[in-house]
Amino acid sequence: MSQDEKPLFEEEDIDVSASSIEIGWKILIVDDEKEVHQVTHFVLDDFVYADKGLQMFNAYSAQQARQFIQDHHDIAIILLDVVMETDNAGLEFVKYVREEMQNHFVQIILRTGQAGYAPEKEVISRYEINDYKNKTELTEQKLFTAITANLRAYDNLIHLEALRQSLEEKVFIRTRELHEKNKELLHANQELTGLNQSLTALTQEKSEFLAIAATDLKKPLEAIHELSILMQRSIHQFGRDKIKEFAKIIEVSSQRMTQLIQNLLQANDIETGKFNMPLGIYDVSSSLQFLADDYSDSIREKGISLQIEVPHQACKLLVNKRALLQILDNLISNAIKYSPYGKTVFVRFIKDDTVMHCEIEDQGVGINLEEQQRLFSKFPHLSPRATANEPETGLGLFIVKKLVKTMNGEITCESTVGKGTTFIVEFPLVKE
(Lines give C-alpha, C1' and ligand atoms only; values in the text may rest on other atoms or scores of the structure.)
Protein backbone atom coordinates (compact mmCIF):
# COMPACT_ATOMS: atom_id res chain seq x y z
CA MET A 1 0.00 0.00 0.00
CA SER A 2 1.44 3.41 -0.97
CA GLN A 3 1.72 6.27 1.50
CA ASP A 4 -1.10 8.12 -0.30
CA GLU A 5 -3.51 5.21 0.13
CA LYS A 6 -5.42 4.61 3.35
CA PRO A 7 -7.32 1.51 4.45
CA LEU A 8 -11.03 1.99 3.93
CA PHE A 9 -12.16 0.63 7.25
CA GLU A 10 -10.83 2.97 9.94
CA GLU A 11 -12.83 4.31 12.85
CA GLU A 12 -14.21 7.59 11.60
CA ASP A 13 -17.66 9.04 10.95
CA ILE A 14 -18.85 8.62 7.38
CA ASP A 15 -21.71 10.55 5.81
CA VAL A 16 -23.44 8.32 3.26
CA SER A 17 -24.83 10.61 0.54
CA ALA A 18 -27.54 9.55 -1.91
CA SER A 19 -26.28 8.35 -5.30
CA SER A 20 -27.27 10.29 -8.44
CA ILE A 21 -26.22 7.44 -10.78
CA GLU A 22 -28.86 5.21 -12.39
CA ILE A 23 -28.87 1.94 -10.47
CA GLY A 24 -28.28 -1.39 -12.22
CA TRP A 25 -25.91 -3.95 -10.71
CA LYS A 26 -27.11 -5.39 -7.39
CA ILE A 27 -24.49 -5.61 -4.63
CA LEU A 28 -25.17 -7.28 -1.26
CA ILE A 29 -23.02 -6.13 1.67
CA VAL A 30 -22.92 -8.73 4.46
CA ASP A 31 -21.13 -7.51 7.61
CA ASP A 32 -22.02 -7.08 11.28
CA GLU A 33 -20.22 -3.72 11.52
CA LYS A 34 -22.32 -0.70 10.61
CA GLU A 35 -19.24 1.36 9.74
CA VAL A 36 -18.22 -1.16 7.05
CA HIS A 37 -21.60 -0.66 5.34
CA GLN A 38 -21.27 3.11 5.55
CA VAL A 39 -17.76 3.17 4.09
CA THR A 40 -18.67 0.80 1.28
CA HIS A 41 -21.69 2.91 0.31
CA PHE A 42 -19.60 6.06 0.41
CA VAL A 43 -16.78 4.68 -1.75
CA LEU A 44 -18.99 2.99 -4.34
CA ASP A 45 -21.71 5.65 -4.49
CA ASP A 46 -20.68 6.91 -7.96
CA PHE A 47 -19.32 3.62 -9.32
CA VAL A 48 -20.31 2.83 -12.94
CA TYR A 49 -19.64 -0.28 -15.02
CA ALA A 50 -20.98 -0.83 -18.54
CA ASP A 51 -23.13 2.34 -18.24
CA LYS A 52 -24.87 1.06 -15.11
CA GLY A 53 -24.45 2.08 -11.50
CA LEU A 54 -24.86 0.02 -8.33
CA GLN A 55 -27.86 -0.84 -6.19
CA MET A 56 -26.45 -1.75 -2.76
CA PHE A 57 -28.28 -3.79 -0.12
CA ASN A 58 -27.29 -4.42 3.50
CA ALA A 59 -27.36 -7.55 5.67
CA TYR A 60 -25.91 -7.48 9.17
CA SER A 61 -25.77 -11.23 9.66
CA ALA A 62 -25.46 -14.39 7.61
CA GLN A 63 -29.05 -15.25 8.52
CA GLN A 64 -30.32 -11.95 7.08
CA ALA A 65 -28.19 -12.57 3.97
CA ARG A 66 -29.77 -16.01 3.46
CA GLN A 67 -33.25 -14.56 3.50
CA PHE A 68 -32.26 -11.77 1.13
CA ILE A 69 -30.66 -14.01 -1.51
CA GLN A 70 -33.70 -16.29 -1.45
CA ASP A 71 -35.76 -13.33 -2.64
CA HIS A 72 -33.21 -11.86 -5.04
CA HIS A 73 -31.68 -14.22 -7.60
CA ASP A 74 -29.99 -11.49 -9.65
CA ILE A 75 -27.35 -10.37 -7.13
CA ALA A 76 -24.11 -9.69 -9.03
CA ILE A 77 -21.64 -9.42 -6.12
CA ILE A 78 -21.66 -10.29 -2.43
CA LEU A 79 -19.16 -8.44 -0.22
CA LEU A 80 -18.95 -10.90 2.66
CA ASP A 81 -17.48 -10.83 6.16
CA VAL A 82 -16.43 -14.14 7.78
CA VAL A 83 -16.88 -13.59 11.53
CA MET A 84 -20.40 -12.44 12.39
CA GLU A 85 -22.91 -14.28 14.60
CA THR A 86 -20.40 -17.17 14.64
CA ASP A 87 -16.71 -17.45 13.79
CA ASN A 88 -17.44 -19.07 10.44
CA ALA A 89 -20.87 -17.64 9.64
CA GLY A 90 -19.61 -16.15 6.38
CA LEU A 91 -18.13 -19.42 5.13
CA GLU A 92 -21.31 -21.32 5.99
CA PHE A 93 -23.22 -18.71 3.99
CA VAL A 94 -20.95 -19.39 0.98
CA LYS A 95 -21.80 -23.11 1.16
CA TYR A 96 -25.50 -22.24 1.37
CA VAL A 97 -25.34 -20.03 -1.73
CA ARG A 98 -23.37 -22.49 -3.85
CA GLU A 99 -24.73 -25.84 -2.69
CA GLU A 100 -28.31 -25.27 -1.54
CA MET A 101 -29.26 -22.29 -3.69
CA GLN A 102 -27.17 -23.63 -6.61
CA ASN A 103 -26.21 -20.06 -7.46
CA HIS A 104 -22.90 -20.20 -9.31
CA PHE A 105 -23.26 -16.83 -11.03
CA VAL A 106 -23.00 -14.39 -8.11
CA GLN A 107 -19.41 -13.29 -7.44
CA ILE A 108 -18.45 -13.61 -3.77
CA ILE A 109 -15.70 -11.35 -2.43
CA LEU A 110 -14.58 -12.35 1.07
CA ARG A 111 -13.57 -9.37 3.23
CA THR A 112 -12.20 -10.26 6.60
CA GLY A 113 -10.71 -8.25 9.40
CA GLN A 114 -9.63 -11.40 11.23
CA ALA A 115 -7.62 -13.41 8.72
CA GLY A 116 -6.77 -15.99 11.34
CA TYR A 117 -10.35 -17.26 11.31
CA ALA A 118 -10.25 -17.72 7.53
CA PRO A 119 -6.72 -18.20 6.16
CA GLU A 120 -6.67 -17.22 2.48
CA LYS A 121 -5.03 -20.41 1.16
CA GLU A 122 -7.47 -22.70 2.97
CA VAL A 123 -10.54 -20.65 2.05
CA ILE A 124 -9.62 -20.43 -1.65
CA SER A 125 -9.07 -24.20 -1.77
CA ARG A 126 -12.21 -25.31 0.05
CA TYR A 127 -14.85 -22.72 -0.84
CA GLU A 128 -16.17 -21.43 -4.15
CA ILE A 129 -15.33 -17.79 -3.63
CA ASN A 130 -14.12 -15.42 -6.31
CA ASP A 131 -11.88 -13.04 -4.38
CA TYR A 132 -10.27 -12.64 -0.93
CA LYS A 133 -9.51 -9.27 0.65
CA ASN A 134 -8.05 -8.37 4.03
CA LYS A 135 -9.80 -5.28 5.39
CA THR A 136 -6.57 -3.86 6.78
CA GLU A 137 -5.06 -3.82 3.28
CA LEU A 138 -8.16 -2.81 1.32
CA THR A 139 -7.94 0.68 -0.20
CA GLU A 140 -10.48 2.60 -2.26
CA GLN A 141 -8.58 1.77 -5.47
CA LYS A 142 -8.36 -1.94 -4.63
CA LEU A 143 -12.07 -2.05 -3.90
CA PHE A 144 -12.84 -0.37 -7.23
CA THR A 145 -10.59 -2.87 -9.01
CA ALA A 146 -12.17 -5.86 -7.28
CA ILE A 147 -15.72 -4.68 -8.02
CA THR A 148 -14.88 -4.02 -11.69
CA ALA A 149 -13.20 -7.40 -12.22
CA ASN A 150 -16.00 -9.33 -10.56
CA LEU A 151 -18.76 -7.45 -12.39
CA ARG A 152 -17.01 -8.28 -15.65
CA ALA A 153 -16.90 -11.96 -14.68
CA TYR A 154 -20.57 -11.93 -13.64
CA ASP A 155 -21.60 -10.20 -16.87
CA ASN A 156 -19.73 -12.81 -18.94
CA LEU A 157 -21.39 -15.68 -17.06
CA ILE A 158 -24.84 -14.20 -17.61
CA HIS A 159 -24.16 -13.82 -21.33
CA LEU A 160 -22.92 -17.41 -21.53
CA GLU A 161 -26.04 -18.63 -19.73
CA ALA A 162 -28.23 -16.74 -22.19
CA LEU A 163 -26.29 -18.34 -25.05
CA ARG A 164 -26.70 -21.79 -23.49
CA GLN A 165 -30.46 -21.29 -23.20
CA SER A 166 -30.59 -20.12 -26.80
CA LEU A 167 -28.72 -23.23 -27.92
CA GLU A 168 -31.10 -25.45 -25.94
CA GLU A 169 -34.05 -23.76 -27.63
CA LYS A 170 -32.50 -24.34 -31.07
CA VAL A 171 -31.88 -28.00 -30.25
CA PHE A 172 -35.49 -28.32 -29.10
CA ILE A 173 -36.80 -26.71 -32.30
CA ARG A 174 -34.60 -28.89 -34.51
CA THR A 175 -35.67 -32.01 -32.63
CA ARG A 176 -39.34 -31.06 -32.98
CA GLU A 177 -38.86 -30.48 -36.71
CA LEU A 178 -37.21 -33.88 -37.01
CA HIS A 179 -40.14 -35.44 -35.16
CA GLU A 180 -42.61 -33.84 -37.57
CA LYS A 181 -40.57 -34.97 -40.58
CA ASN A 182 -40.44 -38.48 -39.17
CA LYS A 183 -44.24 -38.42 -38.79
CA GLU A 184 -44.48 -37.47 -42.45
CA LEU A 185 -42.17 -40.35 -43.36
CA LEU A 186 -44.24 -42.73 -41.26
CA HIS A 187 -47.41 -41.53 -42.96
CA ALA A 188 -45.80 -42.05 -46.39
CA ASN A 189 -44.74 -45.54 -45.36
CA GLN A 190 -48.22 -46.42 -44.11
CA GLU A 191 -49.74 -45.47 -47.44
CA LEU A 192 -47.65 -48.14 -49.13
CA THR A 193 -49.18 -50.94 -47.02
CA GLY A 194 -52.46 -50.72 -48.98
CA LEU A 195 -50.84 -51.55 -52.32
CA ASN A 196 -51.44 -54.95 -53.99
CA GLN A 197 -48.96 -57.80 -54.37
CA SER A 198 -47.37 -56.21 -57.43
CA LEU A 199 -45.86 -53.62 -55.09
CA THR A 200 -44.43 -56.11 -52.58
CA ALA A 201 -40.89 -55.68 -53.87
CA LEU A 202 -41.25 -51.90 -53.60
CA THR A 203 -42.49 -52.23 -50.01
CA GLN A 204 -39.46 -54.31 -49.03
CA GLU A 205 -37.17 -51.80 -50.64
CA LYS A 206 -38.88 -49.03 -48.71
CA SER A 207 -38.15 -50.79 -45.40
CA GLU A 208 -34.46 -51.01 -46.25
CA PHE A 209 -34.62 -47.41 -47.42
CA LEU A 210 -35.87 -46.20 -44.01
CA ALA A 211 -33.47 -48.43 -42.07
CA ILE A 212 -30.46 -46.90 -43.82
CA ALA A 213 -31.90 -43.40 -43.33
CA ALA A 214 -32.40 -44.03 -39.60
CA THR A 215 -28.76 -45.13 -39.33
CA ASP A 216 -27.62 -41.96 -41.11
CA LEU A 217 -29.81 -39.81 -38.88
CA LYS A 218 -28.57 -41.44 -35.68
CA LYS A 219 -25.06 -39.98 -35.62
CA PRO A 220 -25.94 -36.27 -36.02
CA LEU A 221 -28.85 -36.65 -33.61
CA GLU A 222 -26.59 -38.28 -31.01
CA ALA A 223 -24.06 -35.46 -31.48
CA ILE A 224 -26.74 -32.86 -30.74
CA HIS A 225 -27.99 -34.83 -27.73
CA GLU A 226 -24.50 -35.29 -26.22
CA LEU A 227 -23.57 -31.63 -26.70
CA SER A 228 -26.80 -30.57 -25.01
CA ILE A 229 -26.03 -32.73 -21.95
CA LEU A 230 -22.41 -31.55 -21.85
CA MET A 231 -23.39 -27.88 -21.91
CA GLN A 232 -25.98 -28.37 -19.18
CA ARG A 233 -23.53 -30.13 -16.87
CA SER A 234 -20.38 -28.10 -17.52
CA ILE A 235 -21.44 -24.68 -18.85
CA HIS A 236 -19.11 -22.86 -16.39
CA GLN A 237 -16.05 -24.63 -17.79
CA PHE A 238 -16.46 -23.37 -21.33
CA GLY A 239 -15.49 -20.03 -22.79
CA ARG A 240 -17.42 -18.12 -25.45
CA ASP A 241 -15.33 -19.61 -28.29
CA LYS A 242 -16.04 -23.18 -27.14
CA ILE A 243 -19.75 -22.44 -26.97
CA LYS A 244 -19.61 -21.10 -30.55
CA GLU A 245 -17.82 -24.28 -31.60
CA PHE A 246 -20.61 -26.38 -30.06
CA ALA A 247 -23.21 -24.25 -31.83
CA LYS A 248 -21.47 -24.85 -35.17
CA ILE A 249 -21.48 -28.62 -34.60
CA ILE A 250 -25.20 -28.50 -33.81
CA GLU A 251 -25.86 -26.40 -36.93
CA VAL A 252 -23.94 -28.77 -39.22
CA SER A 253 -25.61 -31.85 -37.70
CA SER A 254 -29.06 -30.29 -38.06
CA GLN A 255 -28.38 -29.34 -41.68
CA ARG A 256 -27.25 -32.88 -42.43
CA MET A 257 -30.42 -34.38 -40.95
CA THR A 258 -32.62 -31.83 -42.74
CA GLN A 259 -30.95 -32.54 -46.09
CA LEU A 260 -31.35 -36.30 -45.67
CA ILE A 261 -35.01 -35.99 -44.70
CA GLN A 262 -35.71 -33.65 -47.65
CA ASN A 263 -34.08 -36.13 -50.01
CA LEU A 264 -36.05 -39.00 -48.52
CA LEU A 265 -39.34 -37.16 -48.94
CA GLN A 266 -38.54 -36.04 -52.46
CA ALA A 267 -37.47 -39.56 -53.50
CA ASN A 268 -40.70 -40.95 -52.06
CA ASP A 269 -42.83 -38.35 -53.87
CA ILE A 270 -41.09 -39.08 -57.17
CA GLU A 271 -41.61 -42.83 -56.87
CA THR A 272 -45.26 -42.57 -55.84
CA GLY A 273 -46.10 -39.99 -58.52
CA LYS A 274 -46.82 -37.17 -56.08
CA PHE A 275 -43.95 -34.93 -57.18
CA ASN A 276 -45.44 -31.80 -58.78
CA MET A 277 -43.05 -30.43 -61.39
CA PRO A 278 -44.70 -28.06 -63.93
CA LEU A 279 -42.55 -27.31 -66.98
CA GLY A 280 -41.93 -23.97 -68.64
CA ILE A 281 -39.53 -22.33 -71.07
CA TYR A 282 -36.37 -21.28 -69.26
CA ASP A 283 -33.25 -19.57 -70.67
CA VAL A 284 -30.37 -21.35 -68.90
CA SER A 285 -27.68 -18.92 -70.06
CA SER A 286 -29.31 -16.05 -68.13
CA SER A 287 -28.37 -17.50 -64.72
CA LEU A 288 -25.29 -19.64 -65.32
CA GLN A 289 -22.87 -16.73 -64.96
CA PHE A 290 -23.74 -16.50 -61.24
CA LEU A 291 -23.26 -20.22 -60.61
CA ALA A 292 -19.71 -20.00 -59.24
CA ASP A 293 -20.80 -17.69 -56.37
CA ASP A 294 -22.83 -20.52 -54.78
CA TYR A 295 -19.70 -22.62 -54.22
CA SER A 296 -17.19 -19.95 -53.19
CA ASP A 297 -16.86 -21.22 -49.59
CA SER A 298 -16.39 -24.92 -50.40
CA ILE A 299 -13.89 -24.36 -53.23
CA ARG A 300 -11.90 -21.89 -51.11
CA GLU A 301 -11.65 -24.34 -48.20
CA LYS A 302 -10.33 -27.09 -50.47
CA GLY A 303 -8.24 -24.89 -52.74
CA ILE A 304 -10.25 -26.02 -55.77
CA SER A 305 -10.52 -24.08 -59.03
CA LEU A 306 -14.02 -23.98 -60.54
CA GLN A 307 -14.02 -23.20 -64.27
CA ILE A 308 -17.39 -22.56 -65.94
CA GLU A 309 -17.88 -22.17 -69.69
CA VAL A 310 -21.21 -20.53 -70.56
CA PRO A 311 -22.76 -20.15 -74.05
CA HIS A 312 -23.05 -16.52 -75.16
CA GLN A 313 -26.35 -16.95 -77.01
CA ALA A 314 -29.76 -17.81 -75.55
CA CYS A 315 -30.26 -21.43 -74.49
CA LYS A 316 -33.98 -22.06 -73.98
CA LEU A 317 -35.20 -25.36 -72.53
CA LEU A 318 -38.60 -26.79 -71.61
CA VAL A 319 -37.83 -27.61 -67.97
CA ASN A 320 -38.76 -26.92 -64.39
CA LYS A 321 -36.34 -24.18 -63.31
CA ARG A 322 -36.09 -25.33 -59.69
CA ALA A 323 -35.50 -28.96 -60.70
CA LEU A 324 -32.84 -27.99 -63.25
CA LEU A 325 -30.93 -25.92 -60.70
CA GLN A 326 -31.17 -28.81 -58.23
CA ILE A 327 -29.65 -31.16 -60.83
CA LEU A 328 -26.75 -28.79 -61.53
CA ASP A 329 -26.21 -28.10 -57.83
CA ASN A 330 -26.03 -31.81 -57.00
CA LEU A 331 -23.58 -32.64 -59.80
CA ILE A 332 -21.30 -29.64 -59.18
CA SER A 333 -21.37 -30.17 -55.39
CA ASN A 334 -20.44 -33.84 -55.91
CA ALA A 335 -17.55 -32.89 -58.17
CA ILE A 336 -16.20 -30.54 -55.49
CA LYS A 337 -16.93 -33.04 -52.70
CA TYR A 338 -14.97 -35.89 -54.34
CA SER A 339 -12.11 -33.74 -55.67
CA PRO A 340 -8.76 -33.79 -53.86
CA TYR A 341 -7.37 -30.51 -52.56
CA GLY A 342 -5.92 -28.19 -55.19
CA LYS A 343 -7.63 -29.76 -58.21
CA THR A 344 -9.92 -28.23 -60.85
CA VAL A 345 -13.62 -28.80 -61.55
CA PHE A 346 -14.81 -28.01 -65.07
CA VAL A 347 -18.42 -27.10 -65.90
CA ARG A 348 -19.11 -26.77 -69.64
CA PHE A 349 -22.39 -25.79 -71.29
CA ILE A 350 -22.33 -26.63 -74.99
CA LYS A 351 -25.14 -25.80 -77.40
CA ASP A 352 -25.67 -27.39 -80.80
CA ASP A 353 -28.63 -27.20 -83.17
CA THR A 354 -31.05 -29.29 -81.13
CA VAL A 355 -29.53 -30.12 -77.76
CA MET A 356 -27.85 -28.44 -74.82
CA HIS A 357 -25.04 -30.49 -73.28
CA CYS A 358 -23.83 -29.87 -69.74
CA GLU A 359 -20.57 -31.56 -68.71
CA ILE A 360 -19.35 -31.59 -65.10
CA GLU A 361 -15.81 -32.97 -64.88
CA ASP A 362 -13.68 -33.56 -61.78
CA GLN A 363 -10.11 -34.78 -61.24
CA GLY A 364 -10.96 -37.23 -58.47
CA VAL A 365 -10.22 -40.93 -58.01
CA GLY A 366 -12.75 -42.07 -60.61
CA ILE A 367 -15.37 -44.84 -60.49
CA ASN A 368 -14.81 -48.38 -61.74
CA LEU A 369 -17.11 -49.95 -64.36
CA GLU A 370 -18.91 -52.23 -61.92
CA GLU A 371 -19.86 -49.35 -59.63
CA GLN A 372 -20.90 -47.14 -62.54
CA GLN A 373 -23.80 -49.56 -63.07
CA ARG A 374 -25.17 -48.64 -59.62
CA LEU A 375 -24.50 -44.92 -59.70
CA PHE A 376 -28.13 -43.82 -60.05
CA SER A 377 -29.67 -46.28 -57.59
CA LYS A 378 -30.61 -45.53 -53.99
CA PHE A 379 -27.79 -45.90 -51.46
CA PRO A 380 -25.35 -47.43 -53.99
CA HIS A 381 -22.47 -47.91 -51.46
CA LEU A 382 -19.66 -46.77 -53.75
CA SER A 383 -15.98 -46.91 -52.87
CA PRO A 384 -15.06 -43.19 -53.50
CA ARG A 385 -15.35 -41.05 -50.36
CA ALA A 386 -15.68 -37.29 -49.92
CA THR A 387 -12.19 -35.83 -49.53
CA ALA A 388 -13.09 -33.53 -46.60
CA ASN A 389 -15.62 -35.79 -44.85
CA GLU A 390 -18.57 -33.91 -46.37
CA PRO A 391 -21.96 -35.55 -45.59
CA GLU A 392 -23.36 -38.09 -48.07
CA THR A 393 -27.03 -39.12 -48.23
CA GLY A 394 -26.81 -41.74 -51.00
CA LEU A 395 -29.89 -40.29 -52.73
CA GLY A 396 -28.55 -37.36 -54.75
CA LEU A 397 -27.84 -39.11 -58.06
CA PHE A 398 -30.99 -41.21 -57.76
CA ILE A 399 -33.06 -38.01 -57.55
CA VAL A 400 -31.03 -36.36 -60.32
CA LYS A 401 -31.73 -39.28 -62.68
CA LYS A 402 -35.47 -39.12 -61.97
CA LEU A 403 -35.63 -35.34 -62.47
CA VAL A 404 -33.70 -35.49 -65.73
CA LYS A 405 -35.96 -38.22 -67.09
CA THR A 406 -39.11 -36.35 -66.06
CA MET A 407 -37.94 -33.35 -68.13
CA ASN A 408 -37.21 -35.52 -71.19
CA GLY A 409 -33.46 -35.34 -70.72
CA GLU A 410 -30.63 -37.85 -70.55
CA ILE A 411 -27.76 -38.26 -68.08
CA THR A 412 -24.66 -40.41 -68.54
CA CYS A 413 -21.35 -40.90 -66.76
CA GLU A 414 -17.82 -41.35 -68.10
CA SER A 415 -15.09 -42.22 -65.62
CA THR A 416 -11.52 -43.48 -65.53
CA VAL A 417 -10.09 -44.79 -62.27
CA GLY A 418 -7.25 -42.55 -61.14
CA LYS A 419 -8.13 -39.71 -63.52
CA GLY A 420 -11.61 -38.47 -62.69
CA THR A 421 -15.31 -38.54 -63.60
CA THR A 422 -17.50 -36.60 -66.03
CA PHE A 423 -21.30 -36.43 -65.82
CA ILE A 424 -23.09 -35.38 -69.03
CA VAL A 425 -26.65 -34.04 -68.97
CA GLU A 426 -28.54 -33.37 -72.19
CA PHE A 427 -31.82 -31.51 -72.74
CA PRO A 428 -33.58 -30.78 -76.05
CA LEU A 429 -33.63 -27.10 -77.03
CA VAL A 430 -36.94 -25.30 -77.55
CA LYS A 431 -37.36 -24.49 -81.24
CA GLU A 432 -37.51 -20.78 -81.93
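**Close-up 1. Cys-315 in the predicted model.** Cys-315 is buried, with a relative accessibility of 0%. This view, like those that follow, comes from a predicted model. The closest cysteine sulfur to that of Cys-315 belongs to Cys-358, and the two sulfurs lie 9.8 Å apart. A disulfide is a covalent bond between the sulfur atoms of two cysteines. Because the cut-off for a disulfide is a pair of cysteine sulfur atoms within 2.5 Å, the separation of 9.8 Å between Cys-315 and Cys-358 is too far for a bond. By this rule the model has zero disulfides.

**Close-up 2. Cys-413, a buried cysteine.** The relative accessibility of Cys-413 is 17%. Cys-413 therefore counts as buried, since the limit for that class is under 20% relative accessible area.

**Close-up 3. A patch of negative charge on the surface.** The residues that gather here are Asp-32, Glu-33, Glu-35 and Glu-85. One of them, Glu-33, sits in the loop that runs between β1 (25-30) and α1 (34-44). Glu-33 has 40% relative accessibility and so counts as partly exposed, a class that falls between the buried limit of 20% and the exposed limit of 50%.

**Close-up 4. A nonpolar patch on the surface.** Leu-279, Ile-281 and Leu-318 make up this patch, which covers about 280 Å². Ile-281 is part of strand β6, formed by residues 280-283. With a relative accessibility of 60%, Ile-281 counts as exposed, because that class starts at over 50% relative accessible area.

Terms used: Residues numbered from 1 in each chain as written. Predicted model: local features only at pLDDT ≥ 70, side-chain atom pairs only at ≥ 80, totals over all residues. Heavy atoms only, no water. Patch = residues over 30% accessible without salt bridge, like charges linked within 9 Å, V, L, I, M, F, W, Y side chains within 5 Å. Areas by Shrake-Rupley, 256 points an atom, 1.4 Å probe, with all protein chains shown as cover. Salt bridge = Lys/Arg side-chain N within 4 Å of Asp/Glu carboxyl O. Lys, Arg positive; Asp, Glu negative; His and termini not counted. Charge placed at Lys NZ, Arg CZ, Asp CG, Glu CD. Helix = DSSP H or I, 4+ residues; strand = E, 2+ residues; numbered from the N terminus. Buried < 20%, exposed > 50% of the residue type's maximum accessible area, 1.4 Å probe, protein only.
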